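Thank you all for making the time this morning.

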Amino acid sequence: MRTVLTALLLGGFVAPGLVAQQKRPPRPPVADTASALAYYRLGVSLIEQDPKTANAALYWALRIEPSWAEALYARRIAMLRADEWDLVKYVQRDRKVRRKLALADTLFFRARLLEPFLYQDLDKNMLMHYYRAAIEQDVRRRNPNVNQGELSYAIANYLKEALTSDRDPELLGWLAFSERRLDDALRYYAKAIGKKHESPDLHDDRATIFALQQGFDSAVVELEHAIAETKEKNDKSESVIYQPKALLHHRLAIVRLKQDQLDAAHENLTKALEEDLSYYPAHVTLAAIALATGDTTQAVQEMRLATELKPDEPMPFMRLADLLMVIGQPEEALAPLGKVVEMEPLYAAPHRKLAEATEALARPAEAAAHYRRFLALSPRDHRDAATIRERIVALEAAKP
């Protein structure tokens, strides 16, 4: 998947907090401005014809639902599609352009933190867009006076040869993966691995496919290869691309959890933190393991560490609040939920949780107010709207 486009998929990561610091684009028109899904559908539909508007729509989808992995991934694609010449330079590792598009890398990194095994259905059209732009640039450099017919022929001829021969099995594997032809993708990737001495990215891609197919034993094998080869690769002084070894260990831990191997998962998460002490998702997963084993004190400690490491990211604060509610500490849940509201004022979910927490604390007026705010921020057709309105009536009728 990532021979020519390793930079495109991994690049160099910057702090996820930069997403919130970006200047707000104007809101594209949708039928329900409280619906993240409406903005998401609009954004995905416009990526091909109007990627800048698509980027704006996906920005607003993420303001309403900030922990949506698919929207993060789609917005990354829209950003990379906004300027075809920037895309070409970015893939070719132009430092200036890569700094300019650093936020796109952050979006993809955040998406993979939230959903370690993510379908990448939008990759195919982006890849084709890149190839067409790169071929046009190359042809015009050699022949500035080329006419459109000759240019179209050159592009079509190159792509036909690339897509109908086995000369680039990584490309064919990537295309198959983006089209959800998973068995074909596994076959092409295996052929590509056989042509290389080191191929951590390809092992990582195969692990994703096996995990999506519930083939967890095979996913473990591929991730272990990816980790071993990434370590070997990173020991070399000429490594250009930052290989997220902590993320690989985390992905392996997730697979181990799907196999009910808690000790092995814990070991991989420890290794993730050895690679990067600031890798907060490891603490989120360690908290889940602690909770599963009945150690609520350790679970809370791990989740608080995650919030300390990433104070500008709503997800760990929401998880901490969920944990505190589960173990019967609604009073303690109020502070992290307040932090999420402060970070993302358009996000409805924390208001519902605040309502549930204050209701548990026998504060009906506050609970009703939070439920009302939740409804104000939610789509008009929210499936629980009628139930919540009934709850508001009951709370307002309750004695203080």
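Predicted model: local features only at pLDDT ≥ 70, side-chain atom pairs only at ≥ 80, totals over all residues.

Residues are numbered from 1 along each chain as its sequence is written, and side-chain values use heavy atoms, with hydrogens and water left out.

Let me begin with the helices, which are DSSP runs of H or I, at least four residues, numbered from the N terminus. Two packed helices are described by the angle between their axes and the distance between the axes. For α22 (residues 364–377) and α23 (residues 385–397), the axes come within 9 Å and cross at roughly 155 degrees; here axes are lines fitted to C-alpha atoms over the stretch in contact, and angles run from 0 to 180 degrees between N-to-C directions. The two helices are therefore roughly antiparallel, a term used for angles over 145 degrees. The contact residues divide into 10 nonpolar, no polar and 4 charged, where Ala, Val, Leu, Ile, Met, Phe, Trp, Tyr, Cys and Pro count as nonpolar, Asp, Glu, Lys and Arg as charged, and the others, Gly among them, as polar.

Now to Thr-358, which is found in helix α21 (residues 349–360). Is Thr-358 buried or exposed? Thr-358 counts as buried because its relative accessibility is 1%, and buried means under 20% relative accessible area, exposed over 50%, and partly exposed in between, with a 1.4 Å probe and protein chains only. Its side chain reaches the backbone oxygen of Leu-354 at 2.8 Å.

Turning to α6 (residues 84–91), the buried residues include Asp-86 and Tyr-90. Asp-83 caps its N-terminal end, with a side-chain oxygen 2.9 Å from the backbone nitrogen of Trp-85, and just after α6, Arg-93 takes a positive phi of about 70 degrees.

Lastly, Arg-180, in the loop between α11 and α12, has a positive phi near 60 degrees and is partly exposed at 43%. Gln-214, in the loop between α13 and α14, has a positive phi near 65 degrees and is exposed at 54%.

Definitions and conventions. Parallel < 35°, antiparallel > 145°, perpendicular 65-115°, else oblique. Polar contact = N/O pair within 3.5 Å; in protein donor to acceptor, adjacent residues only side chain to side chain.
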